[in-house]
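Trainee: I would like to go through this model and ask what stands behind the terms used for it.
Mentor: Go ahead; we will take the terms one at a time.

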Amino acid sequence: MKIKEIFVTSAFTENSVWRQILGICSALAVTNLMMNSLVMGLGVIFTLALSGFTISLIRNYIPKRIRMMVQTLIIASYVIIVDLFLKAFYPEISRALGPYVGLIITNCIIMGRAEAFAGKNSPFDSMIDGIGAGVGYTIVLLVIAFVREIFGFGTLFGFQVMGDWWTKWSIMVMAPSAFFMLAILIWIINTPKKQVG
Amino acid sequence: MASEKKLFRETRAYPVVFMLAITIIFIGILATIYQLTLERVESYRQTMLKKMVLSVFDLPVEDIDKNFDKYITLSNIDNLMYYEAVSDSILMGYCFPISGSGLWGTIQALLSVTPDFDKIINIDILEQNETPGLGGRITEDWFKNQFQGKTLLIDDEPQLFSMIPENEKAKSNEICQITGATASSKAVVDMIYKNVVKYSPKLRAE
């Protein structure tokens, strides 16, 4: 029960993107194709889970003042491990991803979860929290990418879904659409629960 | 023992020692993984390069090592390296690495041309760091395929292709650029021009 609660809280109730407005940079950058968004999401889930676990494991030994340095070191290490692993064993995927994997390091959600959760909770719970936050982030990416790819390219995951008659909306491929799509999404989700006056 | 340890954790040296230790541990792990995967990554890179050289000449890409040895020879002239493809003792063309600055980083590609530098046979992108979904689309087939069969030299002068919007019909001296990625599209066209200027006088004299 507790596991489910941690997961739901970090994935939905306190979703990093629409509740905490974190991880926006990458949510804007990669969401013009579904495939890119999915892979980015998976990378973030993996890094969040493992860095949460590790940071929590040594949380009682990390000196308070340098905790951010330590967190950055751990997060960066996991991202590099993912990168090396992909290069060696799944070179095709690694090639397709290009600079994405490295970009995971800069995702504010990972640092945010390390500060807010992993530093105070047990390793296993932190891992669940990390997976939850990652899933919540991935859902947002996929929703935005769905709209942008279908309007911008007429495709979904690269498969043609719109006929030849479809006029591609170039604006959806470019950065501005990411800004207003994200804003609309946050607006829609947060409107019903206007608790604070 | 326990109280002594607690004391050490309160000293000023503790954060320094801690950071040093954890850095050594993690860098150690990374270095080990890097060393273990190095050979695999390098051999894959070689194979990819060979495969791409074969594919820009429309040669079979199965049995990469065998076919590469059969058709391709690596040569250089005045420190410019290039590949030569020979099939049934007829020279099919030259292929050379080209590179130029894209929007975010260096774009590296392979360009294959007919022996007289008259036409482009093909182009393929080796490495790029352009914006995914925008400039990153220079790796898409429709973009690369536009260059196939384009005339390279007009009156012995390399021609610089002009850019037209995506999805419009291109004339022989035009290339469709990627919407939202003018700089990256232009970079590819520019680097073809620059390298042809460099290579064509030397290789045509051969």
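Mentor: Start with chain B, which is divided into domain 1 (2-51) and domain 2 (67-205). Keep in mind that this is a predicted model.

Trainee: How far apart are the centres of domain 1 and domain 2 of chain B?
Mentor: Taken over C-alpha atoms, the two centres are separated by 41 Å.

Trainee: Which secondary structure elements does chain B have, and in what pattern?
Mentor: Chain B has five helices and nine strands. Along the sequence the pattern is α-α-α-β-β-β-β-β-α-β-β-β-β-α.

Trainee: Why are α3(A) and α8(A) called roughly antiparallel?
Mentor: Helix α3 (residues 34-57) and helix α8 (residues 123-152) of chain A pack at an angle of about 165°, with their axes 8 Å apart. Angles over 145 degrees count as roughly antiparallel, and therefore α3(A) and α8(A) get that label. Their crossing is right-handed. By class, the residues of this contact are 19 nonpolar, eight polar and two charged.

Trainee: What is the angle between α1(A) and α8(A)?
Mentor: The axes of helix α1 (residues 2-13) of chain A and α8(A) cross at roughly 35° and come within 7 Å. This crossing is right-handed.

Trainee: Which residues meet there?
Mentor: On the α1(A) side they include A:Ile3, A:Ile6 and A:Phe7, and on the α8(A) side they include A:Ile128, A:Asp129 and A:Ala133. The contact of α1(A) with α8(A) has nine nonpolar, three polar and two charged residues.

Trainee: Where do α7(A) and α8(A) touch, and at what angle do they cross?
Mentor: Helix α7 (residues 108-118) of chain A crosses α8(A) at roughly 145°, and the axes come within 10 Å. Here too the crossing is right-handed. A:Ile109, A:Arg113, A:Phe117 and A:Ala118 of α7(A) make the contact with A:Ser126, A:Asp129, A:Gly130, A:Ala133 and A:Tyr137 of α8(A). By class, that contact has five nonpolar, two polar and two charged residues.

Trainee: How do you know that chain A and chain B touch, and how many residues are in contact?
Mentor: Residues count as in contact if their C-beta atoms lie within 7 Å. On that basis 22 residues of chain B are in contact with 25 residues of chain A. The chain B side of this contact divides into 14 nonpolar, seven polar and one charged.

Note on methods. Residues are numbered from 1 along each chain as its sequence is written. Chains are lettered from A and ligands numbered from 1 in the order in which they are written. This is a predicted model: local features need pLDDT of at least 70, side-chain atom pairs count only at pLDDT 80 or more; totals for chains, interfaces and linings use all residues. Two residues are in contact if their C-beta atoms, placed from the backbone, lie within 7 Å. Ala, Val, Leu, Ile, Met, Phe, Trp, Tyr, Cys and Pro count as nonpolar, Asp, Glu, Lys and Arg as charged, and the others, Gly among them, as polar. Axes are lines fitted to C-alpha atoms, for helices over the stretch in contact, and angles run from 0 to 180 degrees between N-to-C directions. Helices (H or I, at least four residues) and strands (E, at least two) are DSSP runs, numbered from the N terminus. Angles under 35 degrees count as roughly parallel, over 145 as roughly antiparallel, 65 to 115 as roughly perpendicular and the rest as oblique. A crossing is left-handed if the near helix is turned anticlockwise from the far one by less than a right angle, and right-handed if clockwise. Domain bounds come from an automatic or database domain assignment.
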